[in-house]
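Subject: Handing over the structure

Hi,

Here is the structure I promised to pass on. Have a look through it first, and then read my notes below.

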Number of protein chains: 4
Amino acid sequence: MKDVKVLIIGDIVGRPGRYCLRDLLPKIQENYEIDFTIANGENAAAGKGITKKAMNSLLESGVDLITSGNHIWDKKEIFKFIDEERSIIRPANFPPGNPGNGHQIIETNSVNIGVINLSGRVFMSSIDCPFQKGKEIIDKITHDCNIIIIDFHAEATSEKMALARYFDGKVSAIIGTHTHIQTADEQVLPAGTGYITDVGMTGPYESILGVESQAVIDNFITGIPTKFEVAEGKVQFNGVVVHLDSDNGICKKIERIQDLHEF
Amino acid sequence: MKDVKVLIIGDIVGRPGRYCLRDLLPKIQENYEIDFTIANGENAAAGKGITKKAMNSLLESGVDLITSGNHIWDKKEIFKFIDEERSIIRPANFPPGNPGNGHQIIETNSVNIGVINLSGRVFMSSIDCPFQKGKEIIDKITHDCNIIIIDFHAEATSEKMALARYFDGKVSAIIGTHTHIQTADEQVLPAGTGYITDVGMTGPYESILGVESQAVIDNFITGIPTKFEVAEGKVQFNGVVVHLDSDNGICKKIERIQDLHEF
Amino acid sequence: MKDVKVLIIGDIVGRPGRYCLRDLLPKIQENYEIDFTIANGENAAAGKGITKKAMNSLLESGVDLITSGNHIWDKKEIFKFIDEERSIIRPANFPPGNPGNGHQIIETNSVNIGVINLSGRVFMSSIDCPFQKGKEIIDKITHDCNIIIIDFHAEATSEKMALARYFDGKVSAIIGTHTHIQTADEQVLPAGTGYITDVGMTGPYESILGVESQAVIDNFITGIPTKFEVAEGKVQFNGVVVHLDSDNGICKKIERIQDLHEF
Amino acid sequence: MKDVKVLIIGDIVGRPGRYCLRDLLPKIQENYEIDFTIANGENAAAGKGITKKAMNSLLESGVDLITSGNHIWDKKEIFKFIDEERSIIRPANFPPGNPGNGHQIIETNSVNIGVINLSGRVFMSSIDCPFQKGKEIIDKITHDCNIIIIDFHAEATSEKMALARYFDGKVSAIIGTHTHIQTADEQVLPAGTGYITDVGMTGPYESILGVESQAVIDNFITGIPTKFEVAEGKVQFNGVVVHLDSDNGICKKIERIQDLHEF
Ligand SMILES: [Fe+2]
Ligand SMILES: [Fe+2]
Ligand SMILES: [Fe+2]
Ligand SMILES: [Fe+2]
Ligand SMILES: [Fe+2]
Ligand SMILES: [Fe+2]
Ligand SMILES: [Fe+2]
Ligand SMILES: [Fe+2]
């Protein structure tokens, strides 16, 4: 059977990120013969949170499923649609009773793809244990899925690698998000799970994590709160493609994508 | 005038890291025609701190100057030799009165190279401001140095990029260390400073940041303190080479190096 | 029916704390006509953790049940006896699978007293939610207990008050521990739960939280790791007495105790 | 010479705190024969920051000098008047270049009172070292002041006690603020400095640190951002009075004040 090629795109930041996706995604999907596209959308609306409009923009550009992270509740609009919306998930280890879902199984013609969103806890808010909650969900969905992919939205490299080695062989790929900087450690772990510590960001290139630089620098130097605006100019596209064997769920290859786009 | 090529090597972890350096460094220096070699040695002794023996091993392998970070005081032996030792520096924004030096100027045949070690504060210990202390030192040494290189030992991607953009054009290169994961964002910033968020780690490949995996995983899952040992097996070499114009200090190129070594 | 008077004693630090207890506790129990005595023992062995010997010392001095907190695993010996030991509990919201128990029901002649140990998460390690885990246990044991007391081992005043107001009326008393400084906000909350943000510490008075002062000061100023030793000299006793109506579990009065002891 | 009696009032929260002050302060000043009144005003305007109107309200109620802390920049209006305003100070160890002053010397008929505002760093933002900056200022003003008082706005009990023991004998009193919970450890340290870990809060009594409780509880349980409003109902007054010998600056007595006010 042919490989399933899944594209995972790093945190999309604001309008620049969304427009970059609109302009570049179709071509990238074609070039890499992508079967399924996941994108982290926690910063899609003006850099913080996601609105229905921003969500629809991502879906229309060709994203199949949107994952998220700590910024998911930043725009209040989200509470109106996340419960009914099958195209967006939030970290599964957020407290019980939180709106929305933490994982989703998508049935394509050929395979069932389970996608789990988890969030780290080191240097982040206190939530439920991602190791434990991840295991619970994997155990529950593993028989219904040919492949399982985790978006692990976390800060600390230690927690990311630990979770990856813990689930190595249990899922097809574990893709880190949240730091907005792509790492160069893409690899297939010993038991067959594709891994990268962070897939990076899709947003303004001349910026600090997508944000206009001077405000961030001033904030670091003075400690005085400044207003963070999404930066302008050239936009970077950051993603990874994992080549997955749908018979056994094993990752055969993981490759990084970086592109620069000017409007 | 010919370019000055400086190699910066990511945190060297334990004996595997030191032996990897001993075996690979001469060849790498030759291949890349390296003029000057800097290595972060904060984990050189059994993964925590650095001893005189570990220091000498790095120097004998071809390192010209050793930088460090938060683990520098882990081995008590350091207090005996850091004050007299010109080959090792520690973050300059550590509290006043700390032993050792935070920067060093090395006079080679052709150029004077200033190396500054700074540490971040986000998700780390409270120390003096790296932006301010960095500026102070740059202002002081800039007239005596053809090129200045900063090892910014920090956790948060935002702080690293912010410091880099703040000093863009003031120094030749800003190389991040501490996360032990190499990033894929190497670039020459608009005003000519070479930059990478993290150069990575030189140490055990099948590990979590150099440490034997199971103990780290257990610690994350149970919260119970476990003993961290440096892992065994294959060793990775992580570094970057910056090509610097010694006339104006501008970075013309930055390239990542990754190598895998088996003993 | 007569009130049940429960004494709760703040973190006992090292030998000075244990000896203070041995010398003062019988008299205090007599003066206040105490029915049941709880003490936090996480620092009973040399300031970090608890050994069998330290535990026995507390029990022999008249403590009925020992609670604990983040330092419970500091002495490895604990793993040998915590599973069988009914006289010591550790935070119930520690990860599943941790040794020991998070609550205990003690049957006295007249009443069944449930004691729950919980730990906060703000500025502390990431563990399970104390609000949720606390609710779970309360729901489970409430019908078997005339009174329930919580030792909430936490740092942040906001988290402590929030948990107290959340469980107001559901338990008889919520007593904070961990900061080693007694607070002056003892009160009966609107629905009848006795509360104090922190009961304080039983240990060396001329100290920083029980530790010899100079080492702590040096550590703050230099950032260099120093060795922390339990201080000497006069010892303070810190506790609270809650007067509980055993018919309805309501707290009628909460009073602070501070004493100074010289050997 | 007669003692100088200084009243220090804990963080004043919103309109309830301001009105409480207006109604109670004159009487308290009379009863305790207060010579000088300091109040922490960082939460005076709707619980976050301080406006000119809120500042004037405090001054008109009888406050002589306003100190502050981490919330000082929350209301943008502050930047318009803090530079010229002699009645308000902000932590002296905020980054150089920050608007406003970190200490003030007030000349009364009989004595010169130096007041220094410092902020902690443990569990708080990274700023300059309070030990070092405090020492700098004390050294500078000690010859011009009969008495010096420090408002140490900090979270961790360890940092507060450490700073107090470090400056014991160098200043007349060190009064902690920020946690909004009064502690019961008021004492005169061995070398004559009056100390309390936290003076507490002047604001709504049935609340969580002055804030309406349910929103805080919901935030802890769900992790979802909620809107924090200043609570209503009864208001507590929290302060301490230090009795200082103006000849040698030594603290002879420190007493806590708690009052409850209903409008
Ligand atoms: Fe993001
Ligand atoms: Fe994020
Ligand atoms: Fe390191
Ligand atoms: Fe480090
Ligand atoms: Fe303790
Ligand atoms: Fe504790
Ligand atoms: Fe406050
Ligand atoms: Fe504050």
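Before the notes, one definition: when I say that two residues touch, or are in contact, I mean that they have heavy atoms within 4.5 Å. Please also keep in mind that this is a predicted model.

Let's start with the annotated site in chain A. Which residues does the UniProt annotation "binding site" cover? The unreviewed entry gives A:Glu42, A:Asn70, A:His153 and A:His178. They span 137 residues in sequence, yet no two of their C-alpha atoms are more than 10.2 Å apart, so these residues gather at one spot.

Leaving aside residues up to four places away in sequence, A:Asn70 touches A:Glu42, A:Phe94, A:Met124, A:His153 and A:His178. You'll find A:Asn70 in the loop between E4 and H3 of chain A. With a relative accessible area of 34%, A:Asn70 is partly exposed.

Is A:His153 buried or exposed? A:His153 is buried, its relative accessible area being 0%. A:His153 belongs to strand E7 (residues 147-153) of chain A. Residues up to four places away in sequence aside, A:His153 has contacts that include A:Glu42, A:Asn70 and A:His178 from the annotated set. Among its other contacts are A:Asp11, A:Asn40, A:Ser68, A:Leu118 and A:Thr177.

UniProt also has an "active site" annotation, again from an unreviewed entry, and that one lists A:His71. A:His71 lies in the loop between strand E4 (65-67) and helix H3 (78-81) of chain A. Its relative accessible area is 22%, which makes A:His71 partly exposed. Not counting residues up to four places away in sequence, A:His71 touches A:Glu42, A:Asn43, A:Lys48 and A:Gly49.

Next, how the copies are arranged. What does it take to superpose chain A on chain B? A rotation of 180° with 0.0 Å of shift along its axis does it, with an RMSD of 0.0 Å. That is the relation of a two-fold axis.

Now the aromatic rings. Two rings count as a pair if their centres lie within 6.5 Å, and the count comes to 26 aromatic pairs over all chains. One of them is A:Tyr19 with A:Phe263, an edge-to-face pair at 6.4 Å centre to centre and 80° between the planes. A:Tyr19 sits in helix H1 (residues 14-31) of chain A and A:Phe263 in the segment after strand E13 (251-261), so this pair ties together parts that are 244 residues apart in sequence. A:Tyr19 is partly exposed at 32% relative accessible area, and A:Phe263 is exposed at 56%.

Another pair is C:Phe220 with D:Phe131: their ring centres are 5.5 Å apart and their planes are at 20°, so the pair is stacked. C:Phe220 comes from helix H6 (residues 213-222) of chain C and D:Phe131 from helix H4 (residues 130-141) of chain D, so the pair joins two chains. Both C:Phe220 and D:Phe131 are buried. Elsewhere, ring pairs link A:Phe131, A:Tyr166, A:Phe167 and B:Phe220 into a cluster.

The charged end of C:Arg22 sits over the ring of C:Tyr19, 4.2 Å from its centre. In chain D, D:Arg22 lies over the face of D:Tyr19, at 4.2 Å from the ring centre.

Last, the cysteines. How many disulfides does the structure hold over all chains? The number is 0. A bond would need two cysteine sulfur atoms within 2.5 Å. The sulfur of A:Cys129 has its closest cysteine sulfur in C:Cys129, 14 Å away, which is too far for a bond. For D:Cys145, the closest cysteine sulfur is in D:Cys251 at 17 Å, again too far. A:Cys129 counts as buried, at 4% relative accessibility, and D:Cys145 is buried as well, at 11%.

Cheers

Key
Residues are numbered from 1 along each chain as its sequence is written. Chains are lettered from A and ligands numbered from 1 in the order in which they are written. This is a predicted model: local features need pLDDT of at least 70, side-chain atom pairs count only at pLDDT 80 or more; totals for chains, interfaces and linings use all residues. Side-chain values use heavy atoms; hydrogens and water are left out. Copies are superposed by least squares on the C-alpha atoms of residues with pLDDT of at least 70 in both. Buried means under 20% relative accessible area, exposed over 50%, partly exposed in between (1.4 Å probe, protein chains only). UniProt positions are given in the numbering used here, feature names are shortened, and annotations may be inferred rather than shown by experiment. Helices (H or I, at least four residues) and strands (E, at least two) are DSSP runs, numbered from the N terminus. Rings of Phe, Tyr and Trp (its six-membered ring) pair if their centres lie within 6.5 Å; planes under 30 degrees apart count as stacked, over 60 as edge-to-face and the rest as tilted. A charge sits over a ring if NZ of Lys or CZ of Arg is within 6 Å of the ring centre and within 35 degrees of the ring normal.
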